[in-house]
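Trainee: I'd like to learn how to read helix packing and sheet layout in a model. Can we go through one together?

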Amino acid sequence: MNILDAIGNTSIVRLRKVVPPRCAQILAKLEWENPTGSMKDRMALAVISRAEENGRLKPGDTVVEYTGGSTGASLALVCAAKGYRLKIVTSDAFSQEKRDHMAALGAELTLVPSEGGLTTRKLITDMIEAARELSREPHTYWIDQLNNEDSIAGYQSLGEEIWSQTNGEIDAFVHSAGAAASSRGVATVLKRHKASVKLVVVEPAESSVLLGGPPGAHKIEGTGIGRTPPLFEPALVDEVVAVSSSDAETMARRLAREEALFAGTSSGANVVAAIRVGERLGPGARVVTLMVDSGLKYLSTDVYRSRGGA
């Protein structure tokens, strides 16, 4: 056994206090139980392992990637365990905790400045181009998560776990989209088991491009890249729900205080959307969503900082 064997097999719990009357059951899978406190550990292990298997990544190579932080920490964990050097392109738009976590695990960081700490389409593009430059160095493997289909396979185990833990009693899976690999990987498995399971994708209301809106700045880290993600598969998606940064942050705080679930902003967005879906489906249905990562990654952000008893 090593640290990489600890990835996966996370718990699932039912939400109670934040769920209104006459709503479907809302179940949340606690992905912060993964070693770095994020679901991205699944993806990181898959992309590194698959690159090793087919020779794209060789002993002594350097791994390069752009990331808002959770993917970076996950890649840093896997690279540290396997002995690879890691170079990460990130930004001040993402929490200090995430940047510190990546560095603590050995990642070498390049910071791209943001516009007032906000996630924008330009920021994501600038980060990608910075990573592209680093990837031109010899003996380098660029993950390029937005275009890397290996990441989809990393989430198929998550779909199997959800199917098993619900005993197949699931009507909808609700999850926010960044690269869109996780929703696609999970939905592929669930729909294979039960074709009627609905996939509901969540995006920031301020940058609701999947619903045809313009790209915009938002504060839901890890989501809403300002364009349709290359790995997004419309044929799998039954509905897209837009959630504002404010509503996502408010729900994250409610989850901590009312459900004792300490999660990040995208988890708050997931629950807001899951409740909207659950209210339509009614009390006989069951909706599953994800606690994407731990609130410990956001202590320095507006979500939790200096709010006192408010």
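Trainee: Which residues in α2 meet which residues in α3?

Mentor: A quick note before that: this is a predicted model, where local features need pLDDT of at least 70, side-chain atom pairs count only at pLDDT 80 or more, and totals for chains, interfaces and linings use all residues. Residues are numbered from 1 along each chain as its sequence is written, and side-chain values use heavy atoms, with hydrogens and water left out. Now, contact means heavy atoms within 4.5 Å. On the α2 side you have S70, G72, A73 and A76, and they meet K98, H101 and M102 in α3.

Trainee: How do I describe the way two helices pack?

Mentor: Two packed helices are described by the angle between their axes and the distance between the axes. Axes are lines fitted to C-alpha atoms, for helices over the stretch in contact, with angles from 0 to 180 degrees between N-to-C directions. Here α2 and α3 (residues 96-104) pack at about 15°, their axes 8 Å apart.

Trainee: At what angle do α1 and α2 cross?

Mentor: Helix α1 (residues 40-53) and helix α2 (residues 70-82) cross at roughly 50°, and their axes come within 8 Å. The pair is therefore oblique. Among the α1 residues in this contact are M43, L45 and I48, and the α2 side includes L75, L77 and V78.

Trainee: Now the sheet. What is the strand order?

Mentor: Strands here are DSSP E runs of at least two residues, helices are H or I runs of at least four, and both are numbered from the N terminus. Two strands pair if DSSP finds at least two bridges between them. This open sheet of 4 strands runs β5-β4-β3-β6, with parallel pairing. At its edges are β5 (108-112) and β6 (140-142), each pairing on one side only. Strand β4 (residues 85-91) pairs with β5 over 5 bridges, and S91 has V112 of β5 as its bridge partner.

Trainee: Which helix lies across β3, β4, β5 and β6?

Mentor: That's α4 (residues 121-135), running at about 155° to β4.

Trainee: Where does T140 lie, and what does T140 touch?

Mentor: T140 is in strand β6. Leaving out residues up to four places away in sequence, T140 touches T62, V64, L134 and S135. The T140 side chain also reaches the backbone oxygen of P138 at 3.3 Å, and one of its polar atoms lies 3.0 Å from the backbone oxygen of E137.

Methods
Parallel < 35°, antiparallel > 145°, perpendicular 65-115°, else oblique. Polar contact = N/O pair within 3.5 Å; in protein donor to acceptor, adjacent residues only side chain to side chain.
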